[in-house]
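Dear colleague,

Please find below the structure I promised to pass on to you. My notes on what was found in it follow directly after.

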Amino acid sequence: MIIAEILDDDVEQVIALWQACGLSRPWNDPHRDLALARASSTSTILVGRAKEGPSTVVASAMVGFDGHRGWVYYLAVAPSHQGRGFGRAMMTAAEEWLVARGAGKVQLMVRTENGVARGFYDALGYEAQATTVLGRWLERGTSEQTE
C-alpha cells in the first residue's frame, strides 16, 4: 500500500470506502466533511492505494490539528484488504503527519458499541481518557440526531 494525501480523483472512492465500512451517518454529509478537511491548512485526508492493479483507494484517514492536539476521523480499510496491517499503517502515517505539525497528543472517538474498533485501537496503545465528550448541533434540523 502506498500512502499519500488525497487527490481530486480519489474523492468518490474515499466516500464509497467510508460507506462500505459503515462510517458515514445520514446527518454527516461525507462530501461536506471531506471538502472541509481538504480546504483547511490544519487538516488533510490520507489515502492508501493498493500497489497491485489500478490506483484503487483501499484505506483512508482524516487527520486534523487544532493547535492543541491532533484528531483522527474516518479511519477506514476496505473490507477486502483488512487484516493486512493497513489500518496500523494509516494510523502511523496520521501520527507522523500530526507530529510534523507540532502535535504532542492524538485523540479519536469510537462509538461505544463498536467493540471491534475499540480492540484495534487498544492494540495500538490508545487508552480511554478520563473525559466526557460533549456536543451540541449548531445546524438546524439536527437536534434529535446522535453522533
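This is a predicted model: local features need pLDDT of at least 70, side-chain atom pairs count only at pLDDT 80 or more; totals for chains, interfaces and linings use all residues.

Helix H1 itself spans residues 11-20, and its buried residues are Val11, Val14, Ile15, Leu17 and Trp18. Viewed down the helix axis, these buried residues fall within an arc of 155 degrees, so they line one face of H1. Glu12 and Ala20, on the other side of the helix, are exposed. The cover over the buried residues of H1 includes helix H2 (30-39) together with strands E2 (43-49), E3 (57-65) and E4 (70-77).

The strands form an open sheet of five, in the order E1-E2-E3-E4-E5, and the pairing is mixed. Strand E1 (2-5) and strand E5 (106-108) stand at the edges with a single partner strand each, so one side of each has no neighbour in the sheet. On average, and with direction ignored, neighbouring strands of this sheet are turned by 25 degrees against each other. In general, the strands of a sheet pair through backbone hydrogen bonds, either parallel or antiparallel. Here, E3 and E4 run antiparallel and are joined by six bridges. Glycine 64 has tryptophan 71, in E4, as its bridge partner. Helix H3 (residues 86-100) lies across E1, E2, E3, E4 and E5, and runs at about 30 degrees to E3.

As a general matter, nonpolar side chains in soluble globular proteins tend to be buried together. Leucine 34 illustrates the packing: residues up to four places away in sequence not counted, leucine 34 touches Ile6, Val11, Val14, Ile15, Trp18, Ile45 and Met62. Several of these, including Val11, Val14, Ile15 and Trp18, are buried residues of H1.

Three further residues deserve a separate note.

Serine 43 is found in strand E2. Its relative accessibility is 17%, and serine 43 therefore counts as buried. A polar atom of the serine 43 side chain lies 2.7 Å from the backbone oxygen of alanine 37. Not counting residues up to four places away in sequence, serine 43 touches Leu36, Ala37, Val63, Gly64 and Trp97.

Glutamine 107 is found in strand E5. Although E5 is an edge strand, glutamine 107 counts as buried, because its relative accessibility is 15%. The side chains of glutamine 107 and lysine 105 are joined by a polar contact of 3.2 Å. With neighbours within four places in sequence left aside, glutamine 107 is in contact with Arg69, Gly70, Trp71, Val72 and Gln129.

Tyrosine 74 lies in strand E4. Its phi is near 55 degrees, a positive value in a residue other than glycine. What is the relative accessible area of tyrosine 74? The value is 13%, and tyrosine 74 is buried.

With kind regards

Conventions
Residues are numbered from 1 along each chain as its sequence is written. Side-chain values use heavy atoms; hydrogens and water are left out. Buried means under 20% relative accessible area, exposed over 50%, partly exposed in between (1.4 Å probe, protein chains only). Helices (H or I, at least four residues) and strands (E, at least two) are DSSP runs, numbered from the N terminus. The arc is that of the directions from the helix axis to the C-beta atoms. Contact means heavy atoms within 4.5 Å. Two strands pair if DSSP finds at least two bridges between them. Axes are lines fitted to C-alpha atoms, for helices over the stretch in contact, and angles run from 0 to 180 degrees between N-to-C directions. A polar contact is a pair of N or O atoms within 3.5 Å; within protein, one must be able to donate a hydrogen and the other to accept it, and residues adjacent in sequence count only if both atoms are side-chain atoms.
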